[in-house]
Structure formats: C-alpha cells, structure tokens
Amino acid sequence: MNVLAPVRRDRVIADLPACFRKEAALHTHPAFHPTVASACQEQRTGTVGFKISKIIVVGDLSVGKTCLINRFCKDTFDKNYKATIGVDFEMERFEVLGVPFSLQLWDTAGQERFKCIASTYYRGAQAIVIVFDVNDVGSLEHTRARPAAGDSGSHRQWLADALKENDPSNVILFLVGSKKDLITPAQYSLMEKDALKVAQEMQAEYWAVSSLTGENVRDFFFRVAALTFESCVLAELERGRSARRIGDTVRINSNESDLYLSTPRKKPKCCQ
Ligand SMILES: Nc1nc2c(ncn2[C@@H]2O[C@H](COP(=O)(O)OP(=O)(O)OP(=O)(O)O)[C@@H](O)[C@H]2O)c(=O)[nH]1
Ligand SMILES: [Mg+2]
C-alpha cells in the first residue's frame, strides 16, 4: 500500500478515544495531553507526521490476532483458521489532531514452530498488543511468563519475549481479550477480574473485543493510534527540549490520573 495515499475520512481522530476499563488504562485523561494538543495546533510535532510506528500483535495460536487486524483493516472476518506463517503486516494511516500518523500493524505467528521467525520482527515496536482468548484461561496465562500452578509444558511468555527486543520504558502495552461473542456475560465478568489483574501487573491497557461482530474493534485501534501518537509527540518534544537545555531535567507528563505513563515501567515480575 502507498503510504502517501490520502487518509480515509473514517481514520480521522479529533478527540482522545476513551479507555475500555479505567481500572486498567494507560491513562484516564478525558482529552489529549495539553502539551500535545498545543504542539499539534502550532505544527510543532517535528518528524512525527513522517514516521511509521510499529505495532506488534502477539499471543497464542488461534486466539484471533489475524482476525482482529483483518476486521479493522479490511472489515472482513474468516471463520476458517489459517495459521499465520512467520509474520504479516498491514499499514493504516490516520490523521490525529490534524497530523498524519501511520501505523504498521505486525501480525505474528502464535504457533511455536513459526515463533523464531516471528520474534525477529519484534524489535523497534512503539506498542505491543498481547492477545488472549477470553474463553481460554490458558491463553491468558501464556501472556506472561510465570506459569500457573499445575500448568506444565512450554510457556510462550508473550510479554517477556516481546519486551526482550524492546526498551520496556518506551513501549506501550495493550492486553486484548478476543472472541467476546463466544462467552456468556456471567462467564465474561468472572474472567474479566483475572484479566484486569494481569493487565495491571503488566502495566498494560485492557480491552475485550469480538472480530466476528466487530464489537470494540474500531474503538480499540483508535485508542492504540491515539495513545501511540500522544507518546510519540511527547517523546519528540522531550528530545527537542533536552537538545536545547542539556543538563536540565524536563518533566512533561505528571498527573495523578496517569495510572502507568508517569512512572517508568518496572520490569514485570515475570522477567525477574
Ligand atoms: N467466534 C469468534 N471466532 C473468532 C474470533 N476471532 C477469531 N476467531 C476464529 O478463531 C480462529 C483463529 O483465528 P486467527 O485470527 O487465525 O488466529 P491467530 O491468532 O491469528 O492464529 P495464528 O496465526 O496461528 O497465531 C479462526 O477460526 C477464527 O475464525 C472472534 O472474535 N469470534
Ligand atoms: Mg494469525
């Protein structure tokens, strides 16, 4: 796809999309960070408009990573399982607060035998999306390294593996429960308690989606685009400032409603 193609009208983000659950959100601000909003208004976003941000999507085999990307990018759904071999990617262009912003969505293989190919593409991600199936508690356990009691065998450790190739303090994380259409509301509420705990431990933002019905898919990717954009602009501004004031400490993001972004990410327990 030509990255210079015009931005589709339905990829224009003028307001910060809301989080899914405030208990596990990257932040709960009602609007874009004021510094980001004014930088965009004054066209001081530096190279952000020319960059392509890499988003990697990881998780167990058959949890629905490919379907999630296809629902958003192509508005299609295939009920037949076709394993991803290695990796695949889709490009999506947005316009956020008037600034062009491109995301490269990397769809990786969940199957163990293709994982070594896929993991070579993990490097340089701005955001990591870790997908599990809300109907399969094992796939939630496999998102982090620590095995559940009594769970034996190989553990895929999606978070730890993806973080190994990236700077944990500069990457934003999303934990996504898929196939929400296959679970009853009662079962879902029970499962969500565990998922929120895992998301909090990872310092990830939690979402639950269905690629079959499309529920929350567009809202989720808009939130990914908006938060990745916000973090890119803040990083760009910080770089500009520190270049001008070498030796000065510049703190541009401090507010109590930031649940995760104002504190550097600790190494997750699973990596210790
Ligand atoms: N009911 C339902 N089925 C889904 C949903 N998402 C995916 N599936 C089905 O789950 C199976 C696996 O989906 P994929 O998207 O191929 O899974 P994947 O995570 O990409 O798998 P790998 O490429 O092997 O890692 C397919 O049969 C899909 O039709 C969903 O939201 N609802
Ligand atoms: Mg796939």
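How many aromatic pairs does the structure hold? It holds 13 aromatic pairs, where rings of Phe, Tyr and Trp (its six-membered ring) pair if their centres lie within 6.5 Å. One of them joins F20 and W207, stacked at 5.5 Å centre to centre with 25° between the planes; stacked means planes under 30 degrees apart. F20 lies in the loop between β1 (12-13) and α1 (34-41) and W207 in strand β7 (residues 205-208), so the pair ties together parts 187 residues apart in sequence.

This is a predicted model, with local features needing pLDDT of at least 70 and side-chain atom pairs pLDDT 80 or more. Side-chain values use heavy atoms, without hydrogens or water.

Ligand 1 is surrounded by 23 residues, each with a heavy atom within 4 Å. The closest are K65, D78, Y81, G110 and D181. The shell divides into nine nonpolar, eight polar and six charged residues.

Polar contacts (N or O atoms within 3.5 Å) include these:

| Residue atom | Ligand 1 atom | Distance |
|---|---|---|
| D181, polar side-chain atom | nitrogen | 2.7 Å |
| S211, backbone N or O | oxygen | 2.8 Å |
| S62, polar backbone atom | oxygen | 2.9 Å |

Taken alone, ligand 1 exposes 650 Å², and the protein buries 93% of that (Shrake-Rupley method, 1.4 Å probe).

Technical notes. Residues numbered from 1 in each chain as written. Chains lettered and ligands numbered in written order. Polar contact = N/O pair within 3.5 Å; in protein donor to acceptor, adjacent residues only side chain to side chain. Nonpolar A, V, L, I, M, F, W, Y, C, P; charged D, E, K, R; others polar. Phe/Tyr/Trp six-rings, centres within 6.5 Å; stacked < 30°, edge-to-face > 60°. Helix = DSSP H or I, 4+ residues; strand = E, 2+ residues; numbered from the N terminus.
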